[in-house]
Amino acid sequence: MHGEQPDPVDAAVWTMNGFQPMGQGVIQTVSPAWSIAGSVDFNGDGKADILWRGGGGEVALWTMNGFQPMGQAVVQTVPLDWSIAGSGDFNGDGKADILWRGDGGSPALWTMDGFQPTSQSVLANTPSYDWLIG
């Protein structure tokens, strides 16, 4: 069927204790054009937040309190030849940062303060066929 939009999908959270689910709940319905790229603490409150990547290159964050989104924002739009390779606290400030990988092999790092990138820098130029992140 030409021109039809795919049905929205539910974004859900399962709280876990090891291999045992302790609770679960649907957070919100989202477009299937968005995918979850990570879940780490971006705002330093000790609770995992959700990093999203949109089909048009958008990068968004949801700060979370359990099953409840506390804040949602599109941070920036990044060309699709860059992919999110990982997220974690790379600068030791207690807030997660975003590690990127360009199609040409270059890794880049965004240090983050919640929804705000505080710095964005290409780390090195590494051939994509020689090095993997992960």
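Student: Which residues is I84 in contact with, once its neighbours within four places in sequence are left aside?
Tutor: In this predicted model, I84 touches A37, L51, R53, I98, L99 and W100. Contact here takes heavy atoms within 4.5 Å.

Student: Where does I84 lie, and what separates its C-alpha atom from that of I98?
Tutor: I84 sits in strand β7. The two C-alpha atoms are 7.1 Å apart, with I84 and I98 being 14 residues apart along the chain.

Student: Why is I84 called buried?
Tutor: Set the value against the cut-off. Buried means under 20% relative accessible area, and I84 comes in at 19%, so it counts as buried.

Student: What makes β7 an edge strand?
Tutor: Start with the sheet it belongs to: an open one of 4 strands, ordered β7-β8-β9-β10, with antiparallel pairing. β7 (82–88) and β10 (116–122) each pair on one side only, and that makes them the edge strands. On average, neighbouring strands here are turned by 25° against each other, direction ignored.

Student: How do you know that β7 and β8 pair?
Tutor: Count the bridges. Pairing needs at least two between the strands, and β7 and β8 have 6, in the antiparallel sense; so they pair. As for a position along β8, G86 stands opposite L99.

Student: And what holds for β8 and β9?
Tutor: Their count is 4 bridges, again antiparallel. Against the requirement of at least two, that makes them a pair as well. R101 has P107 in β9 as its bridge partner. The two strands form a hairpin with 4 residues between them, and G105 in the turn has a positive phi of about 105°.

Student: What makes you say that β8 is mostly covered?
Tutor: Of its 6 residues, 6 are buried. Both faces take part: D97, L99 and R101 are buried on one side, and I98, W100 and G102 on the other. Each of those falls under the 20% cut-off, because that is what buried means.

Student: Why does T111 count as buried?
Tutor: T111 has 10% relative accessibility. The limit is 20%, so T111 is classed as buried. T111 is found in strand β9.

Student: Which residue stands opposite T111 in β10, and how do you know that the two side chains make a polar contact?
Tutor: The residue opposite is S119. A polar contact takes a pair of N or O atoms within 3.5 Å, one able to donate a hydrogen and the other to accept it. The side chains of T111 and S119 make one at 2.6 Å, so the distance is inside that limit. β9 (residues 107–113) and β10 themselves run antiparallel, joined by 6 bridges. Leaving out its neighbours within four places in sequence, T111 is also in contact with N91, D97, Q116, P117 and T118, besides S119.

Student: What makes a set of residues a nonpolar core, and which have the most contacts inside the largest one?
Tutor: The members have to be buried residues of the listed nonpolar kinds, joined through side-chain atoms within 4.5 Å. The largest set has 13 residues, and those with the most contacts inside it are F42, L51, V59, I98, W100, W110 and M112. β5 (58–65), β8 (97–102) and β9 each give two or more residues to it. The largest share, 3 residues, comes from β9.

Student: How many residues are in the second core?
Tutor: That separate core has 9 residues, among them V13, I27, V30 and W52.

Student: Where does W52 stand relative to β5?
Tutor: W52 stands opposite A60 in β5. The 4 bridges between β4 (residues 50–54) and β5 join them in an antiparallel run. That is over the two bridges needed, so β4 and β5 pair. They belong to an open antiparallel sheet of 4 strands, in the order β3-β4-β5-β6. β3 (34–38) and β6 (68–77) are its edge strands, each pairing on one side only. Neighbouring strands in this sheet are turned by 30° against each other on average, direction ignored.

Student: How many helices and strands does the protein chain have?
Tutor: There are 0 helices and 10 strands. Over the whole chain of 134 residues, 34% are buried. The chain exposes about 8000 Å², with carbon and sulfur atoms supplying 53% of that.

Terms used:
Residues numbered from 1 in each chain as written. Predicted model: local features only at pLDDT ≥ 70, side-chain atom pairs only at ≥ 80, totals over all residues. Heavy atoms only, no water. Axes fitted to C-alpha atoms, helices over the stretch in contact; angles between N-to-C directions. Buried < 20%, exposed > 50% of the residue type's maximum accessible area, 1.4 Å probe, protein only. Areas by Shrake-Rupley, 256 points an atom, 1.4 Å probe, with all protein chains shown as cover.
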